[in-house]
Amino acid sequence: MNFSCQHIGIIMDGNGRWAERRDKNRSFGHEAGAQKVREITQLCSRFGIRYLTLYAFSTENWKRPSLEVSFLMQLMTKYLKNELPLLIENNIRFETIGDLNPFSSALKKQIQLTKETTAHHTGLTQVLALNYGAHDEMIRAINRLREYDITPTAEQIENHLDTAPFGKIDMIIRTGGDIRLSNFLLWQAAYAELFFTSTLWPDFSADEFMGILENFELRERRYGGLNG
Ligand code: IPE
Ligand code: IPE
Ligand code: MG
């Protein structure tokens, strides 16, 4: 399979509702969501996609009950530990966007270890958006420009966003039925193709994903110009 899409962003929404519909607590949904991350990452790797940016924890998600937040933190640490063999096996590089400062030192250490171990991999780059918010990203970029006294052109702003090393985003998929971006890649979304599905993230299937990738091929990207 060959797709022209280089960089996919996914807002992985609907874990909580998926669990609630099964009379389970929300953590059960987050576990299922982590398993889905595994599956979709492997598919992207097989399809030759270059970058997969996954919205895992937003700057606003700290507002959730502290039990849910701490469960998510533990899940991320566990996920990274379990994931390493798969990343190695599939030549996948691991990266993050977002401000990692508020995380525990155990989680930060695991993130760092995963990055270092996979830094030389040349296949897919899986980018987890962790404590990521587009507004926070923009503020940090502007502050860096000020610090180095750089004139804020569009190019310079882009070069100082967290996503700078990963190139332009081609498409953003949001599962879970809501039609909004929830502070995900707002600058980068300017000309991204957007896909919204009511499927809850743990139910998102390889078939539906392939359907979206095929649909992307049919879209005409004009960037404000005219066709042909
Ligand atoms: C997305 O699923 C995962 C995170 C935000 C961590 P939710 O937890 O938002 O699930 P819903 O939207 O409540 O169903
Ligand atoms: C977006 O989902 C954030 C992630 C998927 C990590 P939310 O569930 O936090 O978004 P809202 O609150 O519905 O906008
Ligand atoms: Mg949600």
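In this predicted model, helix 2 (residues 26-47) and helix 3 have axes that come within 11 Å and cross at roughly 30°. Angles under 35 degrees count as roughly parallel, and helix 2 and helix 3 are therefore roughly parallel to each other. The crossing in which helix 2 passes helix 3 is right-handed.

On the helix 2 side, this contact is made by R26, S27, H30, E31, A34, V37, R38 and Q42. Helix 3 contributes E68, F71, L72, L75, K78, Y79, N82, E83 and L86. Sorted by class, the residues of the contact between helix 2 and helix 3 are 7 nonpolar, 4 polar and 6 charged.

Helix 3 (residues 66-89) also packs against helix 4 (residues 105-118), and here the axes come within 9 Å and cross at roughly 15°. That angle makes helix 3 roughly parallel to helix 4. The handedness of the crossing between helix 3 and helix 4 is left-handed.

From helix 3, the residues that meet helix 4 are M73, M76, T77, L80, K81, L84, L87 and I88. Their counterparts in helix 4 are L107, Q110, I111, T114, T117 and T118. The contact of helix 3 with helix 4 comprises 8 nonpolar, 5 polar and 1 charged residues.

Charged residues number 6 in the contact with helix 2 and 1 in the contact with helix 4.

Definitions and conventions: Residues are numbered from 1 along each chain as its sequence is written. Chains are lettered from A and ligands numbered from 1 in the order in which they are written. This is a predicted model: local features need pLDDT of at least 70, side-chain atom pairs count only at pLDDT 80 or more; totals for chains, interfaces and linings use all residues. Side-chain values use heavy atoms; hydrogens and water are left out. Axes are lines fitted to C-alpha atoms, for helices over the stretch in contact, and angles run from 0 to 180 degrees between N-to-C directions. Helices (H or I, at least four residues) and strands (E, at least two) are DSSP runs, numbered from the N terminus. Angles under 35 degrees count as roughly parallel, over 145 as roughly antiparallel, 65 to 115 as roughly perpendicular and the rest as oblique. A crossing is left-handed if the near helix is turned anticlockwise from the far one by less than a right angle, and right-handed if clockwise. Contact means heavy atoms within 4.5 Å. Ala, Val, Leu, Ile, Met, Phe, Trp, Tyr, Cys and Pro count as nonpolar, Asp, Glu, Lys and Arg as charged, and the others, Gly among them, as polar.
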